[in-house]
Amino acid sequence: MSDLRELYQQVILDHNRSPRNYRCMCDADRTSEGHNPLCGDHLSLYVKLDGSRIADIAFQGEGCAISKASASLMTDAVKGQTLEDAQSLFGKFRDLVTSDLSTEPVVDGIGKLAVFAGVREFPVRIKCATLAWHTLEAALENSKSPVTTE
């Protein structure tokens, strides 16, 4: 188990140091801002749609390693997916990070996002891990209100 935890930490640190899809997207169809005042995380999310499919997605911002890694892994996971599939993945991710510690985490169908299973041990970090996802949800709904975890 400690080997797995170490691997998860390495993946999170890698995505924090070298986040994927970290850029401004000037031709985005949808944008949204997200903020976690407790941790100081802030991100801007950009989504380019092709019908009901996420053709491209990017983000910029500052925050803790968990927040930045979550945004990086999320953008990789949803790029090319339908809106419905992206929303379904968010549900699975949310269930993973909020599941009870006495149960085995369900990681089926979430790929590399499984690295966040350990977040459930630190409830204050759940907001860091889910900020990008809530921001994506707002962007897909074309909401103009910034997302906040408070």
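How exposed is Lys 127, in terms of relative accessibility? Lys 127 comes out partly exposed, at 31% relative accessibility; here buried means under 20% relative accessible area, exposed means over 50%, and partly exposed is in between (1.4 Å probe, protein chains only).

A quick note before the views: this is a predicted model, where local features need pLDDT of at least 70, side-chain atom pairs count only at pLDDT 80 or more, and totals for chains, interfaces and linings use all residues. Residues are numbered from 1 along each chain as its sequence is written, and side-chain values use heavy atoms, with hydrogens and water left out.

**View A. Arg 23 meets Asp 56 in a salt bridge.** The two side chains sit 2.5 Å apart, N to O; a salt bridge is a side-chain nitrogen of Lys or Arg within 4 Å of a carboxyl oxygen of Asp or Glu. Arg 23 is in the loop between helix H1 (2–17) and strand E1 (30–36), and Asp 56 is in strand E3 (residues 53–62), so the pair links parts 33 residues apart in sequence. Helices (H or I, at least four residues) and strands (E, at least two) are DSSP runs, numbered from the N terminus. Arg 23 is partly exposed at 30%, and Asp 56 is partly exposed at 21%.

**View B. Lys 79 also forms a salt bridge with Asp 56.** This one spans 3.5 Å, N to O. Lys 79 is in the loop between helix H2 (65–78) and helix H3 (83–98), so its pairing with Asp 56 in strand E3 ties together parts 23 residues apart in sequence.

**View C. Glu 150 pairs with Lys 127.** Their salt bridge is 3.5 Å, N to O. Glu 150 is exposed, at 58% relative accessible area.
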